[in-house]
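Here are my notes on the model you sent over.

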Amino acid sequence: MIKNLYFCEHCRKKIPELGDIHFVEENSDRGFCSEQCILNFYKPYMQEIEKEESFFRSKLNLPEDEGHNELLGNEHYLELALNQPHEVWILENDLEQTFFTHILTLNVDSFTFYFILICTHVEGTPSFVFYRTLTGSEELVAKYRRDFRYEEQKSGDAAKEQGDEVSEEIIEEIELKKSSFLAHVLQLRSENDIPLEHFLNYDKFLERTVHNADEIYEYIDEDDEALKIHIKSFVEDKSSFFYIVVLMKIKDNSGRELHVPIIGFPSTDQNLYKYFATGKRLSENLKN
Ligand SMILES: [Zn+2]
């Protein structure tokens with residue numbers, strides 16, 4: 001009977017069916033019985049975010065109210081800011097709580113405004129909006145561009161998208177590296193590991209592993225290629241796994257060095273982890 005015992009995180013009421021629990025945060029088992037409980041639970045967060053905005057505004061000498069509240073209240077813009085924002089920024093704290101900042105740029109009467117909203121995501125889509133604000137100030141919107149920008153990129157395709165900035169030769173090299181790593185992974189995989197056909201569901205962990213890894217290793221491979229391995233552990237649906245990303249150092253056409261992810265995949269296999277956790281461990285803590 002304990003096996004099916006669920007309580008609302010806010011009012012502690014028993015929730016009879018697993019399917020009736022509302023989840024608000026990714027990778028969190030915090031569940032609620034109703035919209036009202038979600039609101040009440042997150043109220044302190046909302047208040048802090050509001051205080052923070054006031055603080056930003058006073059530092060920048062901006063008025064609390066820039067007007068244009070009709071834009072902020074516009075359902076269509078809200079919809080766009082939720083589902084088709086121009087920028088998404090991810091903030092992750094040390095408890096691995098993740099907040100998303102969506103920014104939608106609006107051009108109204110030859111003025112540029114930024115519709116900013118802070119929310120959580122569940123399964124890659126916005127689930128709960130903590131806050132929304134609107135500003136015409138570049139400086140204010142800059143404060144919300146933190147910690148790292150989320151860009152939907154499938155492993156390896158990053159460089160292709162920058163096609164005009166990276167030479168054909170390098171793209172080919174990346175492709176080769178990618179297939180050789182993939183072959184390696186397939187060879188080394190244990191049968192009990194996460195099935196290959198589920199890998200797509202884990203793509204969302206790539207960006208977080210790249211930008212906020214638990215461990216980073218650096219080594220030069222047999223082709224003299226400088227590689228970085230980023231590893232981060234996650235818990236989802238009560239089971240834990242690693243996400244491993246291999247990045248390769250390349251130079252773009254202007255000679256700038258960058259690391260592009262060539263492959264990213266999840267695993268529950270300690271041996272595969274050990275295989276990739278190799279080379280020189282970088283001690284710098286990227287979180288700070
Ligand atoms: Zn409740």
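1. Disulfides first: counting pairs of cysteine sulfur atoms within 2.5 Å gives 0 disulfides. Cysteine 119 is buried at 0% relative accessible area, while cysteine 11 is partly exposed at 38%. (Buried is under 20% relative accessible area, exposed is over 50%, and partly exposed is in between, with a 1.4 Å probe and protein chains only.)

2. A word on the source: this is a predicted model, where local features need pLDDT of at least 70, side-chain atom pairs count only at pLDDT 80 or more, and totals for chains, interfaces and linings use all residues. Residues are numbered from 1 along each chain as its sequence is written, and side-chain values use heavy atoms, leaving out hydrogens and water.

3. On to charges: the structure has 12 salt bridges, meaning a side-chain nitrogen of Lys or Arg within 4 Å of a carboxyl oxygen of Asp or Glu. In one of them, arginine 30 pairs with glutamate 25, with the closest N and O atoms 2.9 Å apart. Glutamate 25 is buried at 6%, but arginine 30 is partly exposed at 21%.

4. Which residue does glutamate 92 meet in a salt bridge? The partner is arginine 208, at 2.8 Å, N to O. The two sit 116 residues apart, in strand S3 and helix H7 respectively (helices are DSSP runs of H or I, at least four residues; strands are E, at least two; both are numbered from the N terminus). Glutamate 92 is buried at 9%, and arginine 208 is buried at 6%.

5. Last one: aspartate 223 forms a salt bridge with lysine 177, at 2.8 Å between the closest N and O atoms. Shared partners also join Glu92, Arg208, Asp214 and Lys232 into one salt-bridge network.
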